[in-house]
Amino acid sequence: MPDNSDKGGDYKKMTMSPKEYKAFAKNREPARSVLGNCIRAFLVGGFICLIGQGVQEFFMHAFGFDAEKAANPTVAVMILLSVILTCLGVYDKIAQWAGAGTAVPVTGFANSMCSAALEHRSEGLVLGVGANMFKLAGSVIVFGTVAAFFVGIAHLILGTGGQ
């Protein structure tokens, strides 16, 4: 068999423009059902919220907390559940199926931080886990702070006083 490595062998050289390649790739992409994705996201997101409500009810009935005092331990339990499921690889499989439904703020944020920490753990605790885990957290914290600032300005202008 002759060596055709310098001539390209039996393969045809691909000379597609970016526009042609985009059309080529789009034809081979699996079809997505927008309605199906919305339904799955709604059901899974609602189920996560239902679990959170159940945890809050547990704290209210078992320990006599009111809704406000039960909120903090509820958030802690939801973060813990999300991190455990992420470490076991379960949360990511649910997220692949449910899509945006798993982006419920507390659990989705905990999942993304835990995933970054797991991905970079081989680089060490400080430069791997700590540095890469907070790359994502930093942008979320900045966005939240800026959004809170503008909401505060809107309340000041409207005279609602945060009510």
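Author: Let us start with handedness: α2 and α3 cross in a right-handed way. A crossing is left-handed if the near helix is turned anticlockwise from the far one by less than a right angle, and right-handed if clockwise. Before going further, note that this is a predicted model, where local features need pLDDT of at least 70 and side-chain atom pairs count only at pLDDT 80 or more, while totals for chains, interfaces and linings use all residues. Residues are numbered from 1 along each chain as its sequence is written, and side-chain values use heavy atoms, with hydrogens and water left out.

Reader: At what angle do helix α2 and helix α3 pack?

Author: In general, two packed helices are described by the angle between their axes and the distance between the axes. Here helix α2 (residues 34-63) and helix α3 (residues 67-87) pack at about 130°, with axes 8 Å apart. That makes α2 oblique to α3. Angles under 35 degrees count as roughly parallel, over 145 as roughly antiparallel, 65 to 115 as roughly perpendicular, and the rest as oblique. The axes are lines fitted to C-alpha atoms, for helices over the stretch in contact, and angles run from 0 to 180 degrees between N-to-C directions. The helices themselves (H or I, at least four residues) are DSSP runs, numbered from the N terminus.

Reader: How do α3 and helix α5 cross?

Author: The axes of α3 and helix α5 (residues 105-119) come within 8 Å and cross at roughly 40°, so this pair is oblique as well. The crossing of α3 and α5 is right-handed.

Reader: Is E68 buried or exposed?

Author: Buried means under 20% relative accessible area, exposed over 50%, and partly exposed in between (1.4 Å probe, protein chains only). E68, in helix α3, is exposed, at 68%. Its C-alpha atom is 9.6 Å from that of Q56, 12 residues away along the chain. V106 belongs to helix α5 and is partly exposed, at 31%.

Reader: Which residues make the nonpolar surface patch?

Author: V142, V146, F149, F150, I153, L156, I157 and L158 make a patch of about 870 Å². Two of these residues lie in helix α6 (residues 125-158): F150 and L158. F150 is exposed, with a relative accessible area of 53%, and L158 is exposed too, at 65%. The C-alpha atoms of L158 and D92, 66 residues apart along the chain, are separated by 42 Å.

Technical notes:
Patches are made of residues with over 30% relative accessible area and no salt bridge: like charges are joined within 9 Å, nonpolar side chains (Val, Leu, Ile, Met, Phe, Trp, Tyr) within 5 Å. Accessible areas come from the Shrake-Rupley method with a 1.4 Å probe; for residues, only the protein chains shown count as cover. A salt bridge is a side-chain nitrogen of Lys or Arg within 4 Å of a carboxyl oxygen of Asp or Glu. Helices (H or I, at least four residues) and strands (E, at least two) are DSSP runs, numbered from the N terminus.
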